[in-house]
Amino acid sequence: MRIPTATPFGMSRRHFMGHLAAAGAMAGPAISFTNALAANSEDLRKRHKAAILLWMGGGPSTMDIWDLKPGASTGGPFQPISTSASGVQISEHMPMTAKQMHHLAIIRSMSTREADHNRGRYYMHTGYVPNPQIEHPGYGSVISHELSSQVPDLEIPPFVSVGGGSVGPGFLGMTYAPFVVGSNGDVRNLNMGIDNARLTERMKMLSELEKDFIAQKRGESAAEHAKVLEKTVNLMTSKQMAAFKVDSESAATKERYGIGGAQGTGMMRRGGAFGRGLLMARRLVESGVSFVEVDLGGWDNHANIHTILKDQKLPELDQAMSALVEDLAQRGMLEDTAVIWMGEFSRTPRINGNAGRDHWARSWSVVVGGGGIKGGQAIGATNDDGTQVATDPYSSEDVMASVCKGLGISLSTTFTSKSGRPMKIAAGGKVIKELFA
Amino acid sequence: MKRYVLGLLVVIVSMLCAGPADADDVLPSIDARFADSASEGPYPEVPNFQRHVVALLGWLGCNGRNCHGSFQGQGGFRLSMFGYDFAADHQALSGGKTSRVDVQSPAASLILNKPTSDDEHGGGKRYEPGGWEYRVLRSWIAGGARDDSGRAGNLLRLEVTPAEMLFSATGQNTRMRAVAVWSDGTREDVTCLTRFSSNDDAVAEVTPSGLVRAKGPGDTHIIATYDSAVTSTPVLMPVSDLVGDRYPSVPAPTKIDELIVAKLRNLGIVPAETCSDTEFLRRASLDIAGTLPTPEQARAFAADESPDKRAAKIDELLETPAYSLWWSTKFCDITGLNAPLYLGSTDFGPIVGEQWRSWVERKFRDNVPYDKIVEGMVVAVSRPSDQQYGDFSLAQSAYIRTAAPQDFTARDTMPHFWFRNNLTTTDDKALAFAYSFMGVRLDCAQCHKHPFDRWSQQDFKQFAALFDRVRWGVSPECKSDYDQLREELGVPRMKNAAERRQSYWRWAREGKAVPWPEVFIAAHSRQEGPRPKLLGGAEIDGDQLDDPRRPLMDWLRQRENPYFAQAWVNRVWSHYFGRGIVEPADDLNLANPPSNRELLDYLARAFVEHGYDMKWLHREIAASRAYQMSWRTNETNRNDERNFSHARIRRLPAEVAVDAMLLATANPRRATVYLTDVKDRKIGVQATADHSRTEFALAVFGKPLRTVNCDCEREQEPSLAQSLFVRNDPDLFALLDRRDGWLASLSKDKSIVDPAHREELVREAYWRTLGRDPSAEEQSRSLAHLARTDDTLGQLRDLLWALLNTHEFITNH
């Protein structure tokens, strides 16, 4: 079993202080399980900035999705189709997303150097290559670090990773670690199998048992423990946890995201987990979460790539991704919510002996949209057979710098690592100008 | 005219420098020497580029990381970060098209005009036009703007006075003075060129000119930096009036306690009381053996009336398999053992990883001296020079073969550290080596002068050159044998890496030779590079030696080596106290001095004198009263975080925490063997490739992946995910409800509804989790909960759940 994990997430002092004033649930021995939220904070949450990363683990072949080369020896069998963005064509197996392309921008001249899964994953998530001297924070941790203060009454963690695969918080500390939930949307230890009465009784007993030990003044450690305990209770009982409950959405919405119901066959079934993750992402962002990463694996297609893409991966991606973009746009959230589609690298233009494509980082595509980014365009280009970028190359850092700019995060932000080394946000990447033209 | 002035200056300077260098014969500081000259001169001397000009630019902040020290420079002008690359800095100042100095008309020089103007300088105004800084720089330019850094000789030391500062009230102040002592005999007051900083502004602050002011009670250090030198000066202000004659009589039964109390006495801090027997047992058992004591052990220890029972318990714990397992895990953390990530290129990742782990465990179990273990890893090659490649391959398979395998752990050496494929470059080898075995972080010096230590980039390059000949793969002399073996086995015709790997494994299990890679010493350095040099030690003629790591190891072992014994002693200390004498424990540098130098010196020296006997070290520390103090504080030691005046509450390390949950919920029969039957213990679990593959609970509690050269990779912060885990995770509930669990063993027991038995059960639950009896109040509260429904077992389950959720359970205290 692949356990959703991993990097646990800590507690922000700032958030805690906010809670203390608002809730005070732990002040008395009886724990209140209703957590009234001020009405005005709902508005605040709706207007906050956020980002959703669609992470394509394994390295998707962008030549078969976003930058087709029909007729080239490397082109493969797929044909391009026109989209809602004039002059921008994408794969025929992405018809629903084609209708949303006026919201999205394809960066076709990505050129990176890491073609190993682990290194590529790290680099595309952080802007740095792995270095045994330092743990760099992933973009999710960085963005939630910068944005989460916008929603002071957020009780759920500001960085949620659906399906795992995220990079940890590095030197930013556990507060900004991804809170990992299963790809089926299960929050591993929040599905309380016990009734509230029993839980109340237990928590009451616990707080009584703790009294003596906590009451002694023993410095930071005990205080931290007490705070985390409060945060836990808040989370376990928070109304905001409803954001994880995708099933409360209407049947039509679920169908649009490809979440299978009773009829769960064909595309419904295929789109299930990823669509569920993206729908959850939208709900989490609505609740005030700053960064959601949703993992869709299965792109490491060393063999039979086109069959797999056509029959499995692209229908699944197309259904859910188009639904998210459309949904965000209809709700007026797209303006404040950046959407990023990328994997750790792409795949070789050359089709190998097993009808697959191998690892390739030299020339490939990433898709971004929303969050202040100008959609409806393709930026940069590769050469005729896709083996090289034909225009200025862009990097992970540049994509991140652009997303930050769109979200209003200052690019002069500098962090300090544990060893005292200054680290620029987005690793000093340059904004891709066309995205804001 | 210029030449004339220069000549005159040389005379003056040499007059000033002449004669034996006694304490009074100190050249006044350069701000005083230039105090009376006019802006345009004439000047009393031409300043020296190294001693004055670069030092001044550093003092002014010009070569800082946000200014011209940045790798991109600023405004087209780049200096070496924190100085010390004199040639580059001289070139930046005087070379190229946009020279910053104008020797013909000095007053027109950019370095005189820009930094004296708020408008024209991005970094703002740094000094006054016409001030001493201006005159020093201008005089150097007028003197030809030469790089005469070579002529400065070496800086032997920086003498900073006073040697320590004792304040008695906030607001008191003292002026510091720094004198540079050069190898040519010059002694110069360089206070005005020295950068001062305080390690804790809440205790003392210091101005750029070296005026130290007491801010609050406690102790810290003032760091002084000039040229390559970094010094630290202790500052102390007592936290109470219990100093001198008023300091109470405090027991100090061991040398460690004497040294700690000596410092506490100056601070007016009274150490905590001694902890109780039950507290001691739980603490020592968790620290030494990573294992919670069972209720039986705890009760037996409490009942034992022999006076030396604590010492006896320490000895007993050090002899358990749990001790060697847990400490070998700690050692493997530090040396970066991660088989799936870094040993795959051997084709035998898991096997190599397990050989490494079990070799270390065996050495810890046999209490092999620490220096021998390190030597066995550091100065190791895979194949003795007299062994043919074919015999070597067979010998490797002999460790793996199913039938009567050779015992790898019996070897004296274990070369696998060098197989780590995140150590492919010489720089990476040097950085990892310094971190693992010296407790030193050299990554700053990889690119520029170390801001917290005396190392320059050149020092780092020369140190790294020691590792240049250490390689892994196939040595040239074995290449043909290796190729031939691969040919015979049909390897080149195999489909892919997976087939090759599977075949290797199968053949190796059968005892057949397979083409193993090896760790070897290349005949020559890769290229013309810097000459290998020990850090702060001698140059080595690397290519003349069989193995350049041999002098490295000898150097580590030298009595005066400031790192080797210290690093280990400090890490062990940090394990027991939750804080190193140097903190962070893996960051020994001049600007991060020990909180108690005498203590660290004593332990390191005695550790060496005891032949690097690790169990001696554990015993020495665990037997001290300092280790056996209570966490309950008094008025004087409440805020003390660095002088070991009371026990610190420490979150249990991930593996220990999960084992403790297992043990606390296990049935009595299962629980008794945890110290001895360590097969399934979490304290021995290997690192995985990423956290999603680590057992959930271990990942949540911060088990490190060992990917980073930092002890901080082991996460000790409390977190929401941990809290959620203990409160609500299915795995935790499964522990409570498991078939070989304590609750299950009671499920058939009708007598649990009997009130007398219930009292027993509550006490048992407390002993299992917290290692003590419940207080009267805790007992009555718990009994009330048990009586609340008819489902006694269910209520007991609640109680056990609550106890596992207490802060007292999840911490060592």
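The briefing below starts with how to read the values and then goes topic by topic.

This is a predicted model, in which local features need pLDDT of at least 70, side-chain atom pairs count only at pLDDT 80 or more, and totals for chains, interfaces and linings use all residues. Residues are numbered from 1 along each chain as its sequence is written, chains are lettered from A and ligands numbered from 1 in the order in which they are written, and side-chain values use heavy atoms, with hydrogens and water left out.

**Chain A overall**

- The secondary structure of chain A comes to twelve helices and 14 strands, where helices (H or I, at least four residues) and strands (E, at least two) are DSSP runs numbered from the N terminus.
- Of the 437 residues in chain A, 58% are buried; buried means under 20% relative accessible area, exposed over 50%, and partly exposed in between, with a 1.4 Å probe and protein chains only.
- Among contacts in chain A with a separation of 6 or more, 74% are between residues 24 or more positions apart, a contact being heavy atoms within 4.5 Å.

**Nonpolar cores**

- The largest nonpolar core has 245 residues, and Phe463(B) and Trp568(B) have the most contacts inside it; such a core is a set of buried Ala, Val, Leu, Ile, Met, Phe, Trp, Tyr and Cys residues joined through side-chain atoms within 4.5 Å.
- Helix α11 (residues 305–330) of chain A supplies the largest share of this core, ten residues.
- A second, separate core of 52 residues includes Leu60(B), Val160(B), Met165(B) and Ala224(B).
- In soluble globular proteins, nonpolar side chains tend to be buried together.
- Leaving aside neighbours within four places in sequence, Trp568(B) is in contact with several residues, among them Trp327(B), Phe331(B) and Ile334(B), and also Phe364(B), Tyr370(B) and Phe607(B).

- Helix α11 (residues 321–334) of chain B has 14 residues and should span 20 Å at 1.5 Å a residue, which agrees with the 20 Å between its end C-alpha atoms; the expected span is 1.5 Å times one less than the number of residues.
- Because 13 of its 14 residues are buried, α11(B) is largely enclosed by the rest of the structure, and just after this helix Gly336(B) takes a positive phi of about 75°.
- In helix α18 (residues 457–465) of chain B, the buried residues include Phe460(B), Gln462(B) and Phe463(B), and what covers the buried residues of α18(B) includes α16 (426–438), α17 (443–447) and α21 (549–557) of chain B.

**Cavities**

- The structure holds twelve cavities of 30 Å³ or more; on a 1 Å grid over the protein atoms alone, a cavity is a set of points where a 1.4 Å probe fits but cannot get out, and lining residues have an atom within 4 Å of a point.
- The largest cavity contains about 160 Å³ of space, where grid points are joined across faces, edges and corners and a volume is the space filled by probe spheres set on the points.
- Of the 14 residues that line the largest cavity, the closest to its centre are Gln133(A), Ile134(A), Lys418(A), Cys710(B) and Cys712(B).
- This lining divides into five nonpolar, five polar and four charged residues, with Ala, Val, Leu, Ile, Met, Phe, Trp, Tyr, Cys and Pro counted as nonpolar, Asp, Glu, Lys and Arg as charged, and the others, Gly among them, as polar.
- The second largest cavity holds about 120 Å³, and its lining divides into eight nonpolar, four polar and two charged residues.
- Helix α3 (residues 49–59) of chain B gives the most to the lining of the second largest cavity, with five residues.

**Backbone features and individual residues**

- Asp227(B), one of the residues closest to the centre of the second largest cavity, has a positive phi near 50° although it is a residue other than glycine, and at 12% relative accessibility Asp227(B) counts as buried.
- Asn304(A) also is not a glycine and has a positive phi of about 50°, but at 45% relative accessibility Asn304(A) counts as partly exposed.
- A cis peptide bond with omega of about -5° joins Thr161(B) and Pro162(B), and the peptide bond from Glu583(B) to Pro584(B) is cis with omega near 0°.
- Asp336(A), in the loop between α11 and β8 (337–343) of chain A, is buried with a relative accessible area of 4%.

Terms used:
1 Å grid on protein atoms, 1.4 Å probe; cavity = no way out; pocket = protein on both sides within 12 Å on 5 of 7 lines; lining within 4 Å.
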